[in-house]
Amino acid sequence: MASSLLPAFTVRRGEPVLVAPAEQTPRETKTLSDIDDGEGMRFYSSGIHLYRANPDKQGVDPAAVIREALARALVPYYPLAGRLREEAGRKLVVDCEAQGVMFVEADVDLTAADFGDVQSPPFPCFEQFILESTTVAGVEPVIDRPLLYIQVTRLKCGGFIFGQRFCHCVVDAPGGMQFEKAVCELACGAAAPSITPSWGREMFMARQPPQPSYPHLEYSEPAGGAVDRMLTTPPGDVARVPFFFGPREIAGLRQRAPPHMSRSSRFELVAACIWLGRTAALGYGADEEVRLSFIVNARGRRDVPLPEGFYGNAFAYSVAATTAGELCTGGLGYALELVKKAKSAVTYDYLLSVADLMVLRGRPLFALSRTYIVSDVSHAGFKSVDFGWGEAVYGGPAKGGEGPIPGVTNYFSRSKNGKGEEGTVVPISLPKDAMEKFQLEVECLTAEI
């Protein structure tokens, strides 16, 4: 795990500059899909990559290499250099005028080794290594702002930190990785990216007339009960603990799963375990509705005809819902059953139904009350981002989750424990009085029989 005790340091940032495409690009307006521009997409998702020094790159400035490759990559990906504009019905479009993405160079008197064996988010002192824009009433707008912010921080050992923040309206995690790998290929000497980008947002436009064909619980508040304590607990009263699910823990969960579910995926087992333990620890009333909401990616599905090189949002939130009493009584098997059912519900028709709902209901935010939201980024391949300095020591989300309320959303990411065993790590945030009970619940569920 990463060291939480970095030496005292100051990041010396230069003046941020706009990097425009290296060549002339089309001047046009491109429409985002009706999945892209929902309220829940209107934020910046942050990622960080940490690199050691490479003897073959001695005397080479990584910031200069990345900046030049970035400008070249923005030629085929020119919409990323544009700006969002809101039209009637809160519809978002991208004005492509080559305005540029924000880029800043920085230096810090730290080495890659100072960060220890950092394996999972949150990255230590991540706020210092990503470039943020100004907020308005505590909210960071996305309209008429750069769609990408990049900070390259040189380390005194010769390594560096690459921090990026993408506007989620224009890319999802696989789409952002596709662009970053294009920058890497150009930085390593390629004449052009190996994948030609495709806009293709018409794939996820609302039907005419819009006709949502699913209940979409993810966009309505759960039934009954008082205000969720996760939404009202002051940050100072929240405990944050990373939980590692390695071979032993997964084996324990499989032993407790019903025989016909023993071959459940790692994600299904971990998500069901955390949802069950979290619900018990938070002490919700037996009749209160509780939910697990998670991202289901449409890429690779035969019924979703995505064009090659698509880099927009191609996922939906699916929801498993029940009452706290039924979940805690039903145990792991019942939780797994609900997770599997929700996971299988996402089809192309489901995605179009989400687009229909967005248009009819003004592009609402997903519900947060008594809901645990999960994004599994364990297969995103963050570490493979190589600008020519080799594989990243750390590559992944900057934070343990997104949003202003700790613990409501979580990333599942890949990590190794002290024995070198691979597993899934989840940085859990809960009220301090609930954390101890949650730990006991997880230990009971994962202990081998």
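**Exercise 1. Decide whether Y350 is buried or exposed, and find what surrounds Y350.**

Step 1: Y350 has a relative accessibility of 5% and therefore counts as buried, a term that means under 20% relative accessible area, with exposed being over 50% and partly exposed in between (1.4 Å probe, protein chains only). The model is a predicted one, in which local features need pLDDT of at least 70 and side-chain atom pairs count only at pLDDT 80 or more, whereas totals for chains, interfaces and linings use all residues. Residues are numbered from 1 along each chain as its sequence is written, and side-chain values use heavy atoms, with hydrogens and water left out.

Step 2: Y350 lies in helix α6, residues 348–360; helices (H or I, at least four residues) and strands (E, at least two) are DSSP runs, numbered from the N terminus.

Step 3: Leaving aside residues up to four places away in sequence, Y350 touches Y214, H216, E218, A316, Y317, S318 and A345, where contact means heavy atoms within 4.5 Å. A298, which is 52 residues from Y350 in sequence, is 10 Å from Y350 in space, C-alpha to C-alpha.

**Exercise 2. Describe the aromatic pair of Y214 and Y350, and that of W199 and Y311.**

Step 1: A pair of aromatic rings is described by the distance of the centres and the angle of the planes. Rings of Phe, Tyr and Trp (its six-membered ring) pair if their centres lie within 6.5 Å, and planes under 30 degrees apart count as stacked, over 60 as edge-to-face and the rest as tilted.

Step 2: The whole structure contains 23 aromatic pairs. In one of them, W199 and Y311 have ring centres 6.1 Å apart and planes at 70 degrees, so this pair is edge-to-face. The pair links distant parts of the chain, 112 residues apart, with W199 in the loop between α2 (173–187) and β10 and Y311 in the loop between β11 and β12; both W199 and Y311 are buried.

Step 3: The pair of Y214 and Y350 is tilted, with 5.0 Å from centre to centre and 55 degrees between the planes. This pair also links distant parts of the chain, since Y214 is in the loop between α2 and β10 while Y350 is in helix α6, 136 residues apart. Y214, at 29% relative accessibility, counts as partly exposed.

Step 4: Elsewhere, ring pairs link F9, F115, F123, F129 and Y394 into a cluster.

**Exercise 3. Work out the strand order of the six-stranded open sheet, and say which strands stand at the edges.**

Step 1: The order is β10-β16-β15-β13-β11-β12, and the pairing is mixed; two strands pair if DSSP finds at least two bridges between them.

Step 2: The edge strands are β10 (238–245) and β12 (315–323), each of which has a single partner strand, so one side of each is left without a neighbour in the sheet. Neighbouring strands are turned by 25 degrees against each other on average, direction ignored, where axes are lines fitted to C-alpha atoms, for helices over the stretch in contact, and angles run from 0 to 180 degrees between N-to-C directions.

Step 3: Within the sheet, β11 (residues 289–297) and β13 (residues 371–376) run parallel and are joined by four bridges, and L292 stands opposite Y372 in β13.

Step 4: Helix α5 (residues 324–344) packs on the sheet, touching β11 and β12, and its direction makes about 155 degrees with that of β12. Helix α7 (residues 432–446) also packs on the sheet, touching β10 and β16 (422–431), and its direction makes about 15 degrees with that of β10.

**Exercise 4. Identify the polar contacts that the side chain of D34 makes with K91 and R363.**

Step 1: D34 is in the loop between β3 (28–31) and β4 (44–51), and D34 is buried, with a relative accessible area of 5%.

Step 2: The side chain of D34 makes a polar contact of 2.8 Å with the side chain of K91 and another of 3.0 Å with that of R363. Such a contact is a pair of N or O atoms within 3.5 Å; within protein, one must be able to donate a hydrogen and the other to accept it, and residues adjacent in sequence count only if both atoms are side-chain atoms.
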